[in-house]
Amino acid sequence: MRSMNEKCAVVGIFDHPQASKLAYFSLHAQQHRGQEAAGISTSNGEKLFTIKDRGLVTQVFDNQKLATLKGEMAIGHTRYSTAGDDSILDAQPVFARYDLGEMAIVHNGNLTNAKEVRDALIKKGAIFQTFMDTENLIHLIAKSDQQHLTDRIIDAVKKIEGAYSLVFLSRSKMFAMRDRFGFRPLSLGRLGDGYVVASETCAFDLIGAEYIRDVEPGELLIFEKGKAPQSIKVYEPTPKHCIFEYVYFARPDSNVYNQNVYTMRKAMGKKLAQEQPIEADMVVPVPDGGVPSAIGYAQESGIPFEMAIMRNHYIGRTFIEPTQEMRDLKVKMKLSPIASLIKGKRLIVIDDSIVRGTTSRQIVRMLKAAGALEVHMRISSPPTTDPCFYGVDTPDKDKLIAANMTNAEICAFIEADSLGYLSNDGLLLSVNGKEENYCTACFTGNYIV
Ligand code: AMP
């Protein structure tokens, strides 16, 4: 089964007269987590309303649509998916009518036992409409013989495994649940008399919510009007936070797992300068991901920082054929070097990660063509050697360059003069983390579930 909830953002707004608008703004702040589709469900206490479609948040919604999303509770989602998986049916929230009424669910993460659960449900006669593992939850909740929705949700999450940060909406309540490992982020904030949950705190900043705390790994929060959120410890927390949120995923102004992302990335750059020094004339980030770590590298090494590669922010989806020639053009459309700045210079180029190696190779070629004397690639994370099963969209192992080549071979492939990665220990030190509290599977192959 395809995995459909990678790289997503979720949000929940509880008890606010402008719930749908605030959900919209919260999704907009988190657009970087998924650009394929966006959706919002609201409840006015009697009925759920849902709008979802392919496209960016600003393309899917306008004032008129938001006005039809009535009620003081809202949940929302932005979705990323791999090319080709663009069925509108696979946009979220997932909505359903069942014996207790109506519900909608949004999900960030990947369920690792999704296929087994789905096959068992289908054997018993369940009919699925989408490829999303989130739909399993709808069936599990609808089929549970518990009387109350809270108990049914607990019943359902006990049957699923893997990564999930979930927000549920019923007609009168909102629920938020995070898996016991806390793989994907989920924070709780206060908003006037109401509450908000979101994948990233940059959403709180935009709508003026005040951060309270993270939803605990294994915790279910129940929001009911006129009451403080009720907390149920469904599982003992055993944190294994996704370290890739710090490396690439999250926005630098967000606090993820209680630490600021920009600060973490800068620390990675400093550590990288200590571990992988080289003489050069300037430190150049690959924008935008490489910027904070390049600042850290430059400060630590004393080598001047220059924004020698410009990024065009208006790319969106480019409709060009997937030939190699066209792929090269696509990178050129996005990134462009300042030739007069780099001509005859030795560059240290900083990016956050190498996946297939195509981006790095094109950047090195572009910089050399623009006259760079030497290009030394420095990566602010360890070699990506293993695919992610918990929600980050990495390709299969056979396509991960670091799983199949030595450092020297990768360096030759990307046509760089040298290549250096941050070590896994260096990465953990930079984020003040211990190996046991983080999931580093994409760099170490140490899978938890
Ligand atoms: P590649 O060209 O395959 O080596 O991809 C490396 C580039 O993709 C780097 O510039 C990263 O910033 C970026 N990147 C890393 N992980 C992801 C991801 N999960 N989704 C999209 N882009 C990514």
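The model is predicted, so local features need pLDDT of at least 70 and side-chain atom pairs count only at pLDDT 80 or more, while totals for chains, interfaces and linings use all residues. Residues are numbered from 1 along each chain as its sequence is written, and side-chain values use heavy atoms, with hydrogens and water left out.

Let's start at the ligand. There are 14 residues around the ligand, and Asp 351, Val 355, Arg 356, Gly 357 and Thr 359 come nearest; a residue counts as near if one of its heavy atoms lies within 4 Å. Look at the oxygen atoms of the ligand: one is 2.7 Å from a backbone N or O atom of Arg 356, and one is 2.7 Å from a polar backbone atom of Gly 357. In the side chain of Thr 359, an N or O atom is 2.4 Å from an oxygen atom of the ligand. On its own the ligand has 500 Å² of accessible area, and the protein covers 84% of this (Shrake-Rupley method, 1.4 Å probe). Helix H8 (244-249) and helix H13 (358-369) each give two or more residues to this shell; helices here are DSSP runs of H or I with at least four residues, and strands are runs of E with at least two, numbered from the N terminus.

The whole structure has one cavity of 30 Å³ or more, meaning a set of points on a 1 Å grid over the protein atoms alone where a 1.4 Å probe fits but cannot get out. About 70 Å³ of space lies in the largest cavity, a volume filled by probe spheres set on the points. Cys 242, Cys 388, Cys 439, Ala 441 and Cys 442 are the closest to its centre among 14 lining residues, which have an atom within 4 Å of a point.

Arg 33 lies in the loop between helix H1 (19-29) and strand E2 (37-43) and Glu 245 in helix H8, so the pair ties together parts 212 residues apart in sequence.

Finally, follow the backbone. Most peptide bonds are trans. The bond from Gln 92 to Pro 93, however, is cis, with omega near 5 degrees.

Technical notes. Polar contact = N/O pair within 3.5 Å; in protein donor to acceptor, adjacent residues only side chain to side chain. 1 Å grid on protein atoms, 1.4 Å probe; cavity = no way out; pocket = protein on both sides within 12 Å on 5 of 7 lines; lining within 4 Å.
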